Amino acid sequence: MMDLLTKDGRSKLVERCTYPLTGIGCVKRVYTDLATFACTAQGLQLIDAVDGLSAPELEKLTGLPIARLD
């Protein structure tokens, strides 16, 4: 599990990687202190979040579109 945000409040989840990749498409889920996300071909899907935190609020924190997994 990881923290979703850096110490200065930036999201650790990014649209594009800036470091060289050793594996593409191998991550299926991301577990953070605020939420659990599924990584799909369509983008991030919210699996679960801490009580009171919504998908739109997570979108503001990450700067990424997040779909609700139904």
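Please keep in mind that the model is predicted.

**Strands and hairpins**

Let's start with the strands. E1 covers residues 29-31 and runs antiparallel to E2, residues 35-40. Within this pair, Val30 sits opposite Phe37 of E2. E2 also pairs with E3, residues 43-49, again in the antiparallel sense. Here Thr36 has Asp48 of E3 as its bridge partner. The table puts the two pairings side by side.

| Strand pair | Sense | Bridges | Residues in the hairpin link |
|---|---|---|---|
| E1 and E2 | antiparallel | 3 bridges | 3 residues |
| E2 and E3 | antiparallel | 6 bridges | 2 residues |

**The nonpolar core**

Which residues make up the largest nonpolar core? There are 12 of them: Leu4, Leu13, Val30, Ala35, Phe37, Leu44, Leu46, Ala49, Ala55, Leu58, Leu64 and Ile66. E2, E3 and helix H1 (55-62) are the elements that each give two or more residues to this core, and E3 gives the most, with 3 residues. In soluble globular proteins, nonpolar side chains tend to be buried together.

Setting aside neighbours within four places in sequence, Leu44 is in contact with Leu13, Phe37, Ala38, Cys39, Leu64, Pro65, Ile66 and Ala67. Of these partners, Leu13, Phe37, Leu64 and Ile66 also belong to the core.

**Thr62**

Is Thr62 buried or exposed? Thr62 counts as buried because its relative accessibility is 9%, and the cut-off for buried is under 20%. The side chain of Thr62 reaches the backbone nitrogen of Leu64 at 3.1 Å. Not counting residues up to four places away in sequence, Thr62 touches Leu4, Ser11 and Leu13.

**The largest pocket**

Finally, have a look at the largest pocket, with a volume of about 840 Å³. Its lining is made of 24 residues, and those that lie nearest its centre are Val14, Glu15, Arg16, Cys17 and Cys39. E2 and E3 are the elements that give two or more residues to this lining. Cys39, one of the residues nearest the pocket centre, is also in contact with Leu44.

Conventions. Residues are numbered from 1 along each chain as its sequence is written. This is a predicted model: local features need pLDDT of at least 70, side-chain atom pairs count only at pLDDT 80 or more; totals for chains, interfaces and linings use all residues. Side-chain values use heavy atoms; hydrogens and water are left out. Two strands pair if DSSP finds at least two bridges between them. Helices (H or I, at least four residues) and strands (E, at least two) are DSSP runs, numbered from the N terminus. A nonpolar core is a set of buried Ala, Val, Leu, Ile, Met, Phe, Trp, Tyr and Cys residues joined through side-chain atoms within 4.5 Å. Buried means under 20% relative accessible area, exposed over 50%, partly exposed in between (1.4 Å probe, protein chains only). Contact means heavy atoms within 4.5 Å. A polar contact is a pair of N or O atoms within 3.5 Å; within protein, one must be able to donate a hydrogen and the other to accept it, and residues adjacent in sequence count only if both atoms are side-chain atoms. On a 1 Å grid over the protein atoms alone, a cavity is a set of points where a 1.4 Å probe fits but cannot get out, and a pocket is an open set with protein on both sides within 12 Å along at least five of seven lines; lining residues have an atom within 4 Å of a point. Grid points are joined across faces, edges and corners, and a volume is the space filled by probe spheres set on the points.
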